[in-house]
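Subject: Structure for you to look at

Hi,

Here is the structure I promised to pass on. Please open it next to this email, and my notes follow below.

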Amino acid sequence: MPTADELRAMMPPARVESTERWIRTEVGGRTVASSTRAMLHVAFGPPLLEDSPQPLLPGYFFPLADVDMETLVPAGEVDGRRWWDLRVDDVEIERAAWAYTDPPVQLAGLAEHLTFRWEVMDKWYEEAEQVFVHARDPRKRVDLLASTRHVQVSLDGLVLANSHAPFLLFETDLPTRYYLPPGDVRTDVLVDSPTATACPYKGVAQYWSLDGAGEVGRDIAWSYRDPIDQQPGLANLVCFFNEKVDMVVDGEPLARPTTPWS
């Protein structure tokens, strides 16, 4: 498992840029912010609040003029951030919105803007499409390419997959992922896991564990059974964590990468 310092070194520096996308967010059926002048804030870090497990992820900042300020109640300042509680009818969310008190130079574009904690809002939209987990970064590419490479996957000597028809997924800042047809995977030794994660670029992933392998085999693979419309080719393919299994591609063993999932 990477140390805290190693994890911080893996994260790209925070940046802010304008976007022409129409951005909206809702609570209780009410739109509390809507803007075609939003600022994309790309940043990764630990949770902003002690009682919230959600880490800092990319999000949108709205000009104050595009926010329904009648729904917000000032909630003080902490660590260079101004906070507001959100009240919509009978819904009350503490410290739902925040702004930098004095943005650093590289984030100066966020002055007179505020954002909402993504996870406490009911819905977020980019144009007419609902977006999940966090804002999409236009500089991030997710390319799925059919291949004829020979991919072998094993763990502690047990062969888990053997394919000559993988799909390689190239995603900015992440290791290459090898998505395999189910027929090339030993699904007889895998069991469904209750774990599920969501990705704004791919959809909701359901996980698999290696039967009887304990912690070593927990959540070693995943599938997108119903990926988002932009990635239909991912449907039902199986991908193993490079970080947790032994992979050989065209006869060459791959080193296990160091990532937050190591």
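R95 sits in strand β8. The model is a predicted one, so please read every value here as computed from it. The phi of R95 is near 45°, which is positive, and R95 is not a glycine. In general, most residues other than glycine have a negative phi. R95 has a relative accessible area of 26% and is partly exposed.

R95 also has a charged partner. Its side chain meets that of D51 in a salt bridge, with 3.7 Å from N to O. D51 lies in the loop between β4 (39-42) and β5, while R95 is in strand β8 (residues 91-100), so the bridge ties together parts that are 44 residues apart in sequence. D51 counts as exposed, at 59% relative accessibility.

A second residue to check for its backbone is N236. N236 is not a glycine, yet its phi is positive, at about 70°. Look for N236 in the loop between β19 (221-223) and β20 (238-240). N236 counts as partly exposed, because its relative accessibility is 43% and that class runs between 20% and 50%.

Now the other salt bridges. How many does a search of the whole structure find? The count is 19.

One of them joins R30 and D68. Their closest N and O atoms are 2.5 Å apart. R30 is in strand β3 (residues 30-35), and D68 is in the loop between β5 (59-63) and β6 (72-78). The two are 38 residues apart, and the pair links distant parts of the chain. D68 is buried, at 19%. D68 falls in that class because buried means under 20% relative accessible area.

Another salt bridge brings together the side chains of E126 and R136, at 3.7 Å from N to O. E126 is in strand β10 (residues 123-126). R136 is in the loop between β11 (129-130) and β12 (142-146). They are 10 residues apart.

If you want a place to begin, go to R95, with its positive phi and its salt bridge to D51.

Best wishes

Technical notes:
Residues numbered from 1 in each chain as written. Predicted model: local features only at pLDDT ≥ 70, side-chain atom pairs only at ≥ 80, totals over all residues. Heavy atoms only, no water. Salt bridge = Lys/Arg side-chain N within 4 Å of Asp/Glu carboxyl O. Helix = DSSP H or I, 4+ residues; strand = E, 2+ residues; numbered from the N terminus. Buried < 20%, exposed > 50% of the residue type's maximum accessible area, 1.4 Å probe, protein only.
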